[in-house]
Structure formats: C-alpha cells, structure tokens
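I opened this notebook to record what I looked up in the structure.

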Amino acid sequence: MRSTPDKPARPLSPNIQIYRPQLTSVLSIANRITGVGLALCAIALVIWLVTAASGPQPYSRFQHVIGSWPGLALLLVATFAFFLHLCGGIRHLVWDSARAFELRQIYASGWIVLLASVGLTLLSWLVSLTI
Amino acid sequence: MERYRIETPKARAAGLGSARSGFGHWWVERVTAVALLPLVVWFAASLIAHAGSDYETFVHWLGTPVNAVLMVLLLVVLFWHTALGLQVVIEDYVHSGAKVWLLLVTRFACFALTVTGIMATLRIVFEAWAAS
C-alpha cells in the first residue's frame, strides 16, 4: 500500500476492530480458523499413517500421545472444529445454490450449525467411549 | 476451468467477475468440499468405531481394499481442499514478502503430505496382503 505524507485524516468504514461480533461474522471467521486448525490435524493424520506403516511400536507411541490428557483435550477441540467446519461448509454449499439467503434463514442456519456441531461432538465421543 | 464456466457470456464480455483463475479456484474448492462429505463421514465413523484399537486391528482395517481406496481418496481430496483453503487465508492476511514463500511452502507441504500418506497406506496394504 502506498502512503502519502500529507494524507488527510478520513473516517474509517466499519471494520473488524470496531464492529460488534455477531453470529454471522463469528461463524464466518470460525470457518477459516477451524480450516487452518484442521490442516494441522491433517498433518497428524499423515503422521498416524506413517507410524502405523512403521510397525507396532511407533504406532503405540502415537496412540499413547493421543491417549494422554493433553492429547485427548486436543482431540476434543479437533472434533468440535471438524464438525463446525463440516456443518459450516454444508451451509456454504446451500448458499452457493442461491438458497436460504434471507436474514432470518441465515441466523436460523447459523444456530443449527452451532447446535449440530456441539451435538455431533458429544454424540461421537459418547458412542466412541461406549462401544 | 473453461468447461465449468457458470458465468454468462455477457458477464464475461463485460469483464465482470474474476480476471484470472478466481472462478476455477472457487469451483474446485466446492467440488472438493462435496467429495469430502462422504469421505469424512466414512473417516469419522471409522475413527469412532476404532478409537483406541491396537495395532493389529488398525492394520487389518486399513489393509482391506475398500478402506485403503477410501483412505487414498481422502488424502488426495483433503489436501487439495486444504491447499486451496490455506491459499485464500494467506492471500487475505499476509501482505509482506513472506506471502509468496508461505504460498509455496503450503502448496509443497500439501503435495508432500499427500504422497507420504498414500505411501504409508500402500505399505500397510501390501504388508496385510503379504501376511494373508
């Protein structure tokens, strides 16, 4: 960006620093943040496959790290990030088909995405721990 | 991405929309997203079913043809989608000289991780076949 020394002070348009967070904007940035976080999880997926290909001992070492308390806490966060990105992505695909663009529908789908992500996270952990 | 043009000829003639490859990027991000839907459902369901399973169980599971094929597909589409998504994030938020390097490293890393994941999967598959 070019800066001129005698640039007059002009009012700024509403931007991220001064705008009140709303469901729409929070979910929008959450989709990006979870996307970046899930990219890191994708690296973990490859490490997991490589340890499994390397033999029982590397594999069990990896399982041990995931099974530790910090590992399980990260896995819980990752599970929620996964479902939020998945449900948010489906919401985006619906928008891409030029549907559900009324403000009320946008808020309704936003709450559905949030509640479904929490519900699916709890459900998957519940099922995983019981079977 | 000529085949997938949705924009009208008039919009194109008037110079509306992306000047270069923006539409192709946008479209492939959606295509990979749709492809990922069944793949991640399979992956999540498998993880839930096999959480904390031992080495033999896991290798046996991944060694079956259907699961191996789905894993390779998942790796390809997942890292394709990841590369496109990270590219947009970098382009939007990084404006320093590091931008080009970050874009390169991200793209190379996604390629390398895809190939590494596929090779690991294949090794597990071939060892499972050799054992059976």
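**Entry 1. Terms for the surface.** I take a patch to be made of residues with over 30% relative accessible area and no salt bridge, like charges being joined within 9 Å and nonpolar side chains (Val, Leu, Ile, Met, Phe, Trp, Tyr) within 5 Å. A salt bridge is a side-chain nitrogen of Lys or Arg within 4 Å of a carboxyl oxygen of Asp or Glu. Accessible areas come from the Shrake-Rupley method with a 1.4 Å probe, and for residues only the protein chains shown count as cover.

I note that this is a predicted model, in which local features need pLDDT of at least 70 and side-chain atom pairs count only at pLDDT 80 or more, while totals for chains, interfaces and linings use all residues. Residues are numbered from 1 along each chain as its sequence is written, chains are lettered from A and ligands numbered from 1 in the order in which they are written, and side-chain values use heavy atoms, with hydrogens and water left out.

**Entry 2. The nonpolar patch.** I looked for nonpolar side chains on the surface and found a patch formed by B:Val115, B:Met119, B:Leu122, B:Phe126 and B:Trp129. Together these residues have about 510 Å² of accessible area. B:Met119 lies in helix α5 of chain B. I class B:Met119 as exposed because its relative accessibility is 52%; the classes are buried under 20%, exposed over 50% and partly exposed in between (1.4 Å probe, protein chains only).

**Entry 3. Chain B overall.** I counted five helices and zero strands in chain B, where helices (H or I, at least four residues) and strands (E, at least two) are DSSP runs numbered from the N terminus. The pattern along the sequence reads α-α-α-α-α. Chain B has 132 residues, of which 38% count as buried. Its accessible surface comes to about 8,000 Å², and 71% of that belongs to carbon and sulfur atoms. I also checked contacts (heavy atoms within 4.5 Å). Among those in chain B between residues at least 6 apart in sequence, 67% join residues at least 24 apart.

**Entry 4. Helix α5 of chain B.** What does this helix span, and what covers its buried residues? Helix α5 (residues 98–131) has 34 residues and reaches 48 Å from its first C-alpha to its last, close to the 50 Å expected. The expected span is 1.5 Å times one less than the number of residues. Its buried residues include B:Thr106, B:Cys110, B:Leu113, B:Gly117 and B:Ile124. The buried residues of α5(B) pack against α1 (23–54) of chain A, together with α3 (55–63) and α4 (65–93) of chain B.

**Entry 5. Salt bridges.** How many salt bridges does the structure hold over all chains? I found three.

- A:Arg32 and B:Asp92 meet through their side chains at 2.8 Å, N to O. This pair crosses between chains, from helix α1 of chain A to helix α4 of chain B. A:Arg32 is partly exposed at 27% relative accessibility, and B:Asp92 is partly exposed at 37%.
- A:Asp96 and B:Arg30 meet at 2.7 Å, N to O. This pair also crosses between chains, from helix α3 (residues 69–96) of chain A to helix α2 (residues 22–50) of chain B. A:Asp96 is partly exposed at 31%, whereas B:Arg30 counts as buried at 19%.
- B:Glu127 and B:Arg123 meet at 3.3 Å, N to O. Because they are four residues apart in helix α5 of chain B, about one helical turn separates them. B:Glu127 is partly exposed at 39%, and B:Arg123 is partly exposed at 44%.

Entry 6. A:Cys87 is in no disulfide, and the nearest cysteine sulfur, that of A:Cys41, is 16 Å away. A:Cys87 is buried at 12% relative accessibility. B:Cys110 is buried at 6% relative accessibility.

Key
Disulfide = S-S within 2.5 Å.
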